[in-house]
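Biologist: I am new to this structure and would like to learn how to read its features. Please take them one at a time.

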Amino acid sequence: MKKIVTLILCLSSIIAFSQTGIIKGRVIDKQSEKPVAGASVELLSTAGISAITNADGNFKLSNVPLGRQVVRITFVGYENISIPDIDVTSGKDNILTVAIAEKFNSLEAVVVKSGTNKAKSINKMAAVSVRQFSAEEANRYAGGRSDVSRLASNFAGVATADDSRNDIVVRGNSPSGLLWRLEGIPVPSPNHFATLGTTGSPVSALNPNILANSDFITSAFPAEYGNAIGGVFDVGFRKGNTEKYEYTLGLAAFPGVEFMAEGPFMKKKGGSFVAAVRYGVVGLLGLAGTAAVPNYNDVSFNIDFGKSKLGNFSLFGIFGSSNIEFIGKDIDSTDLFAAKDEDAKATSDFSAFGL
């Protein structure tokens with residue numbers, strides 16, 4: 001009887017333990033990107049769960065209830081900021097990097113009036129030039145296939161040709177006028193089965209699970225962006241968990257089989273790493289929209305070496321490889337990618353690395 005009671009108590013403890021998660025991260029100044037010490041981080045949905053950032057701007061909220069939570073960051077002299085829709089799950093820490101802006105005194109309003117300018121659109125949505133998106137949005141977008149390009153097709157003024165590719169058309173501009181940047185470095189099209197001069201393809205090589213919050217700009221580009229006519233995807237990789245090792249294994253139609261690992265690296269200096277490997281299985285599942293079997297895989301990583309006397313360095317990179325063979329006799333008239341009267345073979349490799 002004692003053994004049964006002990007077993008029930010142990011199972012109850014395990015169940016109780018699994019009902020909470022952890023939210024942690026770093027608060028930095030939006031302009032200087034330096035850590036903000038002494039900022040207050042509060043969980044809005046549950047009273048009593050809060051933290052104060054340390055000298056490095058780091059914070060940690062423990063015993064957070066599972067589900068979607070909202071965190072608010074406040075600090076004297078800075079604008080308050082709230083982070084909504086944080087998906088808290090057991091066994092997986094949520095890591096945030098929050099940039100807060102200084103608060104300036106408000107002056108009396110100045111009203112400037114002019115006549116109607118017919119050159120401007122009446123629809124105010126057409127004047128939107130930048131949209132910030134997160135990895136969670138890419139994963140939650142219906143029909144997005146974990147592809148940030150397909151997510152962007154839902155923004156104002158943006159369209160795609162059809163469902164077979166993820167090319168982005170911004171206000172009628174050519175998809176080839178889109179600029180891709182990874183961690184501030186211009187890169188070629190980060191897609192599988194891509195061809196020279198294009199910026200899209202049927203399958204993306206960007207893994208949204210290691211992306212940080214990124215920008216999609218549709219007009220009025222800052223001076224740092226060159227060779228951009230249609231739009232700019234300015235994406236970045238997130239940092240890994242600096243306290244413990246975490247592993248993720250997943251399976252989906254278009255991303256395929258995925259394995260991701262993250263954890264501390266050079267722990268005394270506050271470094272971390274995150275890496276993900278994916279292998280496509282859409283062809284094996286018969287969901288590719290073609291009789292041919294597409295083969296594709298990609299590797300993404302970001303290694304943060306932490307603080308040193310010379311500064312803060314990180315090594316990041318992405319590699320993607322893909323190939324497919326269209327044999328005419330195996331192709332029917334409804335195939336999206338090939339014709340019955342021709343044979344074709346396509347191979348595409350993509351890589352980008354930076355320090």
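**Pocket, patch and sheet**

Modeller: The second largest pocket has a volume of about 420 Å³. The model is predicted: local features need pLDDT of at least 70 and side-chain atom pairs count only at pLDDT 80 or more, while totals for chains, interfaces and linings use all residues. Residues are numbered from 1 along each chain as its sequence is written, and side-chain values use heavy atoms, with hydrogens and water left out.

Biologist: Which residues lie nearest the centre of the second largest pocket?

Modeller: A pocket is an open set of points on a 1 Å grid over the protein atoms alone, where a 1.4 Å probe fits, with protein on both sides within 12 Å along at least five of seven lines; lining residues have an atom within 4 Å of a point. Its volume is the space filled by probe spheres set on the points, which are joined across faces, edges and corners. Here 24 residues line the pocket, and F193, P202, I324, F326 and F337 lie nearest its centre.

Biologist: Which strand supplies the largest share of that lining?

Modeller: Strands are DSSP runs (E, at least two residues), numbered from the N terminus. β22 gives the largest share of the lining, 3 residues. Both β21 (311-326) and β22 (344-354) supply at least two.

Biologist: Which residues form the nonpolar patch on the surface?

Modeller: Patch residues have over 30% relative accessible area (Shrake-Rupley method, 1.4 Å probe, only the protein chains shown counting as cover). Nonpolar side chains (Val, Leu, Ile, Met, Phe, Trp, Tyr) are joined within 5 Å, like charges within 9 Å. In this model the patch consists of Y245, Y247, L249, L251, V257, F259 and Y279, together about 820 Å² of accessible area.

Biologist: How many bridges pair β17 with β18?

Modeller: Two strands pair if DSSP finds at least two bridges between them. β17 and β18 pair in the antiparallel sense over 7 bridges, with G250 opposite E258. A hairpin of 3 residues joins the two strands.

Biologist: What is the strand order in the open sheet of 4 strands?

Modeller: The order is β3-β2-β5-β6, with antiparallel pairing. β3 (50-52) and β6 (81-88) are the edge strands, each pairing on one side only. Inside the sheet, β2 (40-43) and β5 (67-74) pair over 4 bridges, and E42 has R72 as its bridge partner.

How values were computed:
A salt bridge is a side-chain nitrogen of Lys or Arg within 4 Å of a carboxyl oxygen of Asp or Glu.
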